[in-house]
Amino acid sequence: MTKVFEWKPTENDTMLVEYCFSVVDDCLKIVEMNLNGKYHRATWMSPKGRTNLMTALENDYHTKTGVTLSVAKSVMNIN
């Protein structure tokens, strides 16, 4: 089952991210994402931006499921 997270990386931008937890790889994976309604990919982001996004996704996942993940231990498997 996928989850949807809405994130405001800047004051003027809104990112919508569909993600899921992979049991096979034991990490969060991004399924689809858009920035201000336009197609976007995490690989287009800076390393710091990707880290901030993954941290936000892990916090959202914890809020929705009660499961705590760690960015340091997660494989940032971004498709």
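**Exercise 1.** In which helix do Asp60 and Lys64 lie, and how many residues apart are they?

*Solution.* A word on the ground rules: this is a predicted model, where local features need pLDDT of at least 70 and side-chain atom pairs count only at pLDDT 80 or more, while totals for chains, interfaces and linings use all residues. Residues are numbered from 1 along each chain as its sequence is written, and side-chain values use heavy atoms, with hydrogens and water left out.

Step 1: find the helix. Both residues sit in helix H1, 4 residues apart, about one turn of the helix. Helices here are DSSP runs (H or I, at least four residues), strands likewise (E, at least two), numbered from the N terminus.

Step 2: check the pair. Asp60 and Lys64 form a salt bridge, with their closest N and O atoms 3.0 Å apart. The rule asks for a side-chain nitrogen of Lys or Arg within 4 Å of a carboxyl oxygen of Asp or Glu.

Step 3: Asp60 is buried at 12% relative accessibility, and Lys64 is partly exposed at 42%. The cut-offs are under 20% relative accessible area for buried, over 50% for exposed, and partly exposed in between (1.4 Å probe, protein chains only).

**Exercise 2.** Find the other salt bridges.

*Solution.* The count comes to 3 salt bridges. Lys29 pairs with Asp25 at 2.5 Å between the closest N and O atoms; Lys29 is buried at 17%, whereas Asp25 is partly exposed at 34%. Arg41 meets Glu32 at 3.6 Å, N to O. Arg41 is buried at 13%, and Glu32 is partly exposed at 38%.

**Exercise 3.** Trace what H1 gives to the largest nonpolar core.

*Solution.* Such a core is a set of buried Ala, Val, Leu, Ile, Met, Phe, Trp, Tyr and Cys residues joined through side-chain atoms within 4.5 Å. The largest has 15 residues, with Val17, Ile30, Met33, Leu53 and Leu57 making the most contacts inside it. H1 gives the most to this core, with 5 residues.
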